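Hi everyone, thanks for coming.

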Amino acid sequence: MPFSSAALHALLQPGVSERWQVVQRLLHPEMLVLANRAAERAAALLPQQWPLYELSFKSRRAIDRGGGRRDPITDYWFAFDRPPRGAGIMLTVSGIERTVTVGLQLWGVRRPQLAHLWSQARPVWEALIDRIEHEGQARFAGRRLPMTGMRWIDHYLNSRAHYLWAGFIYDWNALPTAERLIDDICALLPLNEALMEQAEIDLATTNTLRETPARYLTGAPSVAQIVMSIKRRGMIIDERTLHAFHLAVQVRPLVILAGPSGSGKTWLTRLYADALTGVGEGQPNPCYLLVAVQPDWHSARDLLGYYNSLTGLYQPTPFLNFLLEAAADPDQTYIVCLDEMNLARPEYYLAPILSAMEAVEGLIDLGTPLTETPLAGGGVVRNPIRLPINLRLIGTINVDESTFALSDKVLDRANLIELRTVDMAAFRSQYPIANDQVWQILSDIQHHLTAAGKPAGYRALREILGFVGQATDMNPLEALDLQILQRLLPRLRGEDSPRFRQALNSLHAICAGRLSRSAERLAQMMARLEREGYTDFYGY
């Protein structure tokens, strides 16, 4: 038998996480062995075309039923497909049907190519079509019953169905040998390859041989739904800015969010990913990954991992594992947030990814000596890997002395969206404040901080007001004075200029007589500016 009884019954294990863990421990290794054997046979069958094919495994750990309800996966599969995609060969172990199936999976985008092959080269494919008719099964959502004597392929092409699965089904209790399953894969593979070659011919006339997101990213929520979802979660953002951000994510795989610290850049990436996938507040989002960029990142291995020549294993990173999951799930947009991406030089650690964005093949060289390399922790990775068209990188940046300026190489490949304006009126509408005097002083200070180029973000404003609200044992202005001193004045530093000098004078005028500690520190800063032509919070 190609699979042990324990491996098959892993799909009957109760519990979401428990089932996934047992599947990965028992079923996945046996499927990987079978997939590798099938790949060897397929490489001999299609020696020129096979390097274009990729192997992917099911990556979803649970079935999302909505409303926070998650059920265990009911099947597990591996698939072989290649660009321009839209069809592939898959082997599935089903826990519901208790079957093992080998079939051609075809999406509606490849229906015209199937119709062309069947009309122009019927004698070539009749034997395979009839074998599926008599030994296997074709599954599609057709409303009409087939006419007597009509082949399944004619019935499908005459229906309005889009998705098609056609292949062979085996009961767990009567499984064939592994060789028979591999024979089935190789029998269907020439049809898949013919579909891909016909698709390339059809696409050549439109100069769109390169993969485009429109073929996969279907069923995405509208801009209005995304705006509503993000604002419902409490984020304050201009709708025009949000619309521009959404369009930027759709048309380019790299988007950069710039703005002062605390303006909600990182939060926006998560809220946007949740809005795309329908994930509720507080729920995990398997299609979102937050990567904290480190200042010591100097090469792509910091982001993608590296090959360990001593163990013969590839050491993956969470980013690489996420990339492989995205490649295995082309119908869903996957979002990576590169938080503080300019703490290191992006053109260094993103170099192969930036190059893949502009190459037709979209390939990334992992630097491994073999085409397939085992991963530390299980699984394999092919080299080179293809940058998934459904993967989006969103970088957040702050511009200060701790970061690097973005190079033209990066800017030329990205849309930059700035979250700079802090809408105080909208903020107050969402954050009711009992003390009008506190609010007015804070608004005036924010105005002059903005004039100095050092505005406070929503995070700082929210925490300042939270501090004042909690300080029930002191006067509200005294608590505000402490927060201005602790949270806002340390931002102010710079050389003498009319703009900076005017901001300090205005801030001092606001604080004098009401916020004594802050007024005293501002006076010291202004005196130093007069003496030395430079000042900051720490100099006296």
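One term before anything else: when I say a residue is buried, I mean that its relative accessible area is under 20%; over 50% is exposed, and in between is partly exposed. Also keep in mind that what you're looking at is a predicted model.

Is Thr535 buried or exposed? Its relative accessible area is 0%, and because the cut-off is under 20%, Thr535 counts as buried. You'll find Thr535 in strand β21, which covers residues 534-535. And what does Thr535 touch, once we leave aside its neighbours within four places in sequence? The list is Leu492, Arg493, Gly494, Phe500, Leu504, Met525, Arg528 and Leu529. Take Arg493 from that list: Arg493 and Thr535 are 42 residues apart along the chain, yet their C-alpha atoms are separated by 5.6 Å.

Okay, let's zoom out. The protein chain has 540 residues, and buried ones make up 50% of them. How many helices and strands are there? We have 20 helices and 21 strands. If you draw a box around the C-alpha atoms along the principal axes, you get roughly 95 × 50 × 45 Å. And if you take the contacts with a separation of 6 or more, 69% of them are between residues 24 or more positions apart.

α16 has 16 residues, and from first C-alpha to last it reaches 23 Å, close to the 22 Å you'd expect at 1.5 Å a residue. Which residues of α16 are buried? They are Val438, Trp439, Ile441, Leu442, Ser443, Ile445, Gln446, His448 and Leu449. As for what those buried residues pack against, we have α15 (424-430), α17 (458-470), α18 and α19 (498-511).

The crossing is right-handed, by the way. On the α16 side, the contact is made by Gln437, Val438, Ile441, Leu442, Ile445 and Leu449, and on the α18 side by Pro476, Leu477, Leu480, Ile484 and Leu488. What kind of residues are these? In this contact of α16 with α18, 10 are nonpolar, 1 is polar and none are charged.

Another helix to click on is α4, residues 122-135. With 14 residues, α4 reaches 19 Å from its first C-alpha to its last, close to the expected 20 Å. Trp125, Leu128, Ile129 and Ile132 are buried in α4.

As a rule, most residues other than glycine have a negative phi, and most peptide bonds are trans. So where do we find cis bonds here? One joins Pro83 and Pro84, with omega about 0°, and Pro84 is in the loop between β4 (75-81) and β5 (87-94). Another runs from Asn383 to Pro384, with omega near 0°. Pro384 is in the loop between β16 (380-382) and β17 (385-386).

Then there's positive phi. Arg98 isn't a glycine, but its phi is positive, about 55°. You'll see Arg98 in the loop between β5 and β6 (99-106), and at 41% relative accessibility it counts as partly exposed. Glu340, not a glycine either, also has a positive phi of about 55°. Glu340 is in the loop between β13 (334-339) and α12 (346-349), and with a relative accessible area of 25% this residue is partly exposed too.

That's my tour, so over to you for questions.

Key. Residues numbered from 1 in each chain as written. Predicted model: local features only at pLDDT ≥ 70, side-chain atom pairs only at ≥ 80, totals over all residues. Heavy atoms only, no water. Left-handed = near helix turned anticlockwise from the far one by under 90°. Helix = DSSP H or I, 4+ residues; strand = E, 2+ residues; numbered from the N terminus. Contact = heavy atoms within 4.5 Å. Nonpolar A, V, L, I, M, F, W, Y, C, P; charged D, E, K, R; others polar. Expected span 1.5 Å × (residues − 1). Buried < 20%, exposed > 50% of the residue type's maximum accessible area, 1.4 Å probe, protein only.
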